[in-house]
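Hi everyone, thanks for coming.

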Amino acid sequence: MITVIPAIDIIGGECVRLTQGDYDKKTTYYKDPLDAAKMYEDLGVKRLHLVDLDGAKKSYPSNLATLEKIAGKTNLSVQYGGGIKSGDALKDVFNSGASRAICGSITVSKPELFSEWLEVFGPEKLILGADVKDGKIAVNGWLDYADMGVGELIGKFLPYRISQVICTDISRDGMLSGPNFDLYGGLQAEFPSVEITVSGGIGKIDDIYQLDEMGLRSVITGKAIYENKITLNELEKVINN
């Protein structure tokens, strides 16, 4: 069964969600993200997706205290992204308790550095974060765009044994309208050795079951849970299936 990875997006230490990456369209769901993390752990979740939206803007992780708290007070495996653009930032994220680090902008601006990290830390510790809108890769907290498609970006790192890619369709992120099935199915078929993690657009539990039937291995969902489009009972069933 496909692995469901609940998302906690953080601004100012709070659990929030944006709509289509717009910082002006913010909804706060939990003042303390640890409460959300513990809820997921109680349901049987094993992996958590933690996004530092402040860090993405500031180009350095800004909510490491939240990461430390969740990693220290739960048994969840936490993957953390947002502002990881230097070796020091990467080490800070791992030292704060992350089991995996998600690297986005750096894979475009300094691909040779990310390649080096893959060799030093191993592909099981690093996730390529590919955020896409209108076919182009978005960087720097979705504020800028690179003239490159997601397939081209993934292909750069195949020689370095990249094993997991989180692909976020920004046009659908937070819209609850369903994921871009064609995009994810195509990527998984093109890169069978890579775990393509679906992110953006999940609006109901049937979306997750359809992705599972297509052979996708993992999916991130956040707003659908917080808005009760996917109930905790439904989530528990798919997690423990």
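Before I point at anything, a word on labels: helices (H or I, at least four residues) and strands (E, at least two) are DSSP runs, numbered from the N terminus. Please keep in mind that this is a predicted model, in which local features need pLDDT of at least 70 and side-chain atom pairs count only at pLDDT 80 or more, while totals for chains, interfaces and linings use all residues. Residues are numbered from 1 along each chain as its sequence is written, and side-chain values use heavy atoms, with hydrogens and water left out.

Let's start with Glu124, which sits in the loop between helix H6 (111-121) and E7. Which residues does Glu124 touch, beyond those up to four places away in sequence? They are Arg100 and Ser163, where contact means heavy atoms within 4.5 Å. Arg100 is 24 residues from Glu124 along the chain, and their C-alpha atoms are separated by 7.5 Å.

Now to the inside. I'll say buried for under 20% relative accessible area, exposed for over 50%, and partly exposed for in between (1.4 Å probe, protein chains only). A nonpolar core is then a set of buried Ala, Val, Leu, Ile, Met, Phe, Trp, Tyr and Cys residues joined through side-chain atoms within 4.5 Å. How many residues does the largest core have? It has 68, and those with the most contacts inside it are Ile8, Tyr40, Phe114, Trp117, Leu126, Val150 and Ile208. Helix H1 (residues 33-43) gives the largest share of this core, with six residues. There is also a second, separate core of seven residues, including Ile11, Leu18, Leu53 and Ala56.

Next, helix H3 (residues 64-73), whose buried residues are Leu64, Thr66, Leu67 and Ile70. Seen down the axis of H3, they fall within an arc of 155°, so they line one face of the helix; the arc is that of the directions from the helix axis to the C-beta atoms. An α-helix has 3.6 residues a turn, so residues three or four places apart point the same way. What do the buried residues of H3 pack against? Their partners are strand E1 (3-11), H1, strand E4 (47-52), strand E5 (77-81) and helix H4 (87-95). On the face turned away from the buried side, H3 carries the exposed residues Ala65, Gly72 and Lys73.

Pro61 is in the loop between helix H2 (53-58) and H3, and it counts as buried because its relative accessibility is 9%. Leaving aside neighbours within four places in sequence, Pro61 is in contact with Asp52, Gly55, Tyr80, Gly82, Gly83, Ile84, Ala89 and Val93.

Beyond four places in sequence, the contacts of Thr197 include Ile5, Gln164, Cys167, Tyr184 and Ser218.

Lys223 lies in helix H10 (residues 223-226) and counts as buried because its relative accessibility is 16%. Not counting residues up to four places away in sequence, Lys223 touches Arg17, Thr19, Tyr29, Gly174 and Leu176. Lys223 and Asp9 are 214 residues apart in sequence, yet 9.9 Å apart in space, C-alpha to C-alpha.

Finally, two residues with backbone angles to look at. Most residues other than glycine have a negative phi, and most peptide bonds are trans. Asp134, in the loop between strand E7 (126-133) and strand E8 (136-139), has a positive phi near 55°. With a relative accessible area of 72%, Asp134 is exposed. Asn228 also has a positive phi, of about 65°, and is found in the loop between H10 and helix H11 (232-239). At 52% relative accessibility, Asn228 counts as exposed.

That's my tour; I'm happy to go back to any part of it.
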